[in-house]
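I set out to record what I looked up in this structure, entry by entry.

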Amino acid sequence: MSIQSRRERERAERHQLIVTAARELAEAEGWDAVTTRRLAARIEYSQPVLYSHFRGKEAIMEAAALEGIGELSERLRAAREGVSDPAAAMRAVAASYVEFAAQQPALYAAMFTLTSDLSFGTAASPATLRAAFGEFMATVRPFARPGVDLETLTETFWAALHGLVSLGDSHRLRPGRTADRLALLVDRFLS
């Protein structure tokens, strides 16, 4: 292995270490607790090392968000492909999405709630975002009626799921009814 290859590998490992530490700290204490000083102490590197990888906290959150979106995309694909019936696939994708958000609320916030420079729904959108949206689109496609724009229909499905998650997280919905809401949403979407 060349010195250059080793340095690139070590840099990639440090990059991942920073993102992982930020995610862990955010899940434990929230994104406000994630500072470059705390991350540097946690991973035992100096703050300048962090800044050699990221412009600041927002860039670290963005990297965590992209990583999370990639993980979500994989979960949605597994849910969709895990069943053969399109209606069951939609139910599985919806449940998987809500479960992901519940299991990692800080990561979900970085992905879809907190302010970020990530570009959604444009040609400039990162491939990871396009892949996740593609999983939603593959789920919705069998139910698209003629004349209805598939992307708009997909955005509506995603927005409804996100709304359920966001309202539930902020305690704006009655507790303990998530499964009922998901079933109603999917049933309405399928009809």
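**Entry 1. The model**

I noted that this is a predicted model, in which local features need pLDDT of at least 70, side-chain atom pairs count only at pLDDT 80 or more, and totals for chains, interfaces and linings use all residues. Residues are numbered from 1 along each chain as its sequence is written, and side-chain values use heavy atoms, with hydrogens and water left out.

**Entry 2**

I looked up helices as DSSP runs (H or I, at least four residues), numbered from the N terminus. Two packed helices are described by the angle between their axes and the distance between the axes. I took axes as lines fitted to C-alpha atoms over the stretch in contact, with angles from 0 to 180 degrees between N-to-C directions.

Helix H1 (residues 3–29) and helix H4 (residues 57–81) have axes that come within 9 Å and cross at roughly 85°. H1 is therefore roughly perpendicular to H4; the label covers 65 to 115 degrees, while under 35 is roughly parallel, over 145 roughly antiparallel and the rest oblique.

I then listed the residues in contact (heavy atoms within 4.5 Å). From H1 they are Gln16, Ile18, Val19, Ala22 and Arg23, and from H4 they are Ile60, Ala63, Ala64, Glu67, Gly68 and Glu71. By class, the contact of H1 with H4 has 6 nonpolar, 2 polar and 3 charged residues. Here Ala, Val, Leu, Ile, Met, Phe, Trp, Tyr, Cys and Pro count as nonpolar, Asp, Glu, Lys and Arg as charged, and the others, Gly among them, as polar.

**Entry 2. Helix H4 against helix H6**

At what angle do H4 and H6 pack? I found an angle of about 105°, with the axes 8 Å apart. H4 and H6 are therefore roughly perpendicular to each other.

In this contact, Met61, Ala64, Ala65, Gly68, Ile69, Glu71 and Leu72 of H4 meet Leu107, Ala110, Met111 and Phe112 of H6. The classes are 9 nonpolar, 1 polar and 1 charged.

**Entry 3. Aromatic pairs**

How many aromatic pairs does a search of the whole structure find? I recorded 11. Rings of Phe, Tyr and Trp (its six-membered ring) pair if their centres lie within 6.5 Å; planes under 30 degrees apart count as stacked, over 60 as edge-to-face and the rest as tilted.

The pair of Phe120 and Trp158 has ring centres 6.0 Å apart and planes at 35°, so the pair is tilted. Phe120 lies in the loop between helix H6 (105–112) and helix H7 (127–140), and Trp158 lies in helix H8 (residues 150–169), so the pair ties together parts that are 38 residues apart in sequence. Phe120 counts as partly exposed at 34% relative accessibility; buried means under 20%, exposed over 50% and partly exposed in between (1.4 Å probe, protein chains only).

The rings of Phe136 and Phe157 have centres 6.1 Å apart and planes at 75°, so this pair is edge-to-face. It links distant parts of the chain, with Phe136 in helix H7 and Phe157 in helix H8, 21 residues apart. Phe136 is buried at 3% relative accessible area, and Phe157 is buried at 0%.

I also noted that ring pairs link Tyr97, Tyr108, Phe112, Phe120, Phe133, Phe136, Phe157, Trp158 and Phe189 into a cluster.

**Entry 4. Positive phi angles**

Most residues other than glycine have a negative phi. I found a positive value near 65° at Glu44, in the loop between helix H2 (36–43) and helix H3 (47–53). Glu44 is exposed at 71% relative accessibility.

His171 has a positive phi near 60° and lies in the loop between H8 and helix H9 (178–190). His171 is exposed at 69% relative accessibility.

Is Thr154 buried or exposed? I found Thr154, in helix H8, to be buried at 0% relative accessible area. A polar atom of its side chain lies 2.8 Å from the backbone oxygen of Leu150. Leaving aside neighbours within four places in sequence, Thr154 is in contact with Phe133, Phe136, Met137 and Val140.

Arg38 is in helix H2 and is partly exposed at 36% relative accessible area. Its side chain reaches the backbone oxygen of Ala33 at 3.4 Å. Not counting residues up to four places away in sequence, Arg38 touches Leu25, Glu29 and Ala33.

Key
A polar contact is a pair of N or O atoms within 3.5 Å; within protein, one must be able to donate a hydrogen and the other to accept it, and residues adjacent in sequence count only if both atoms are side-chain atoms.
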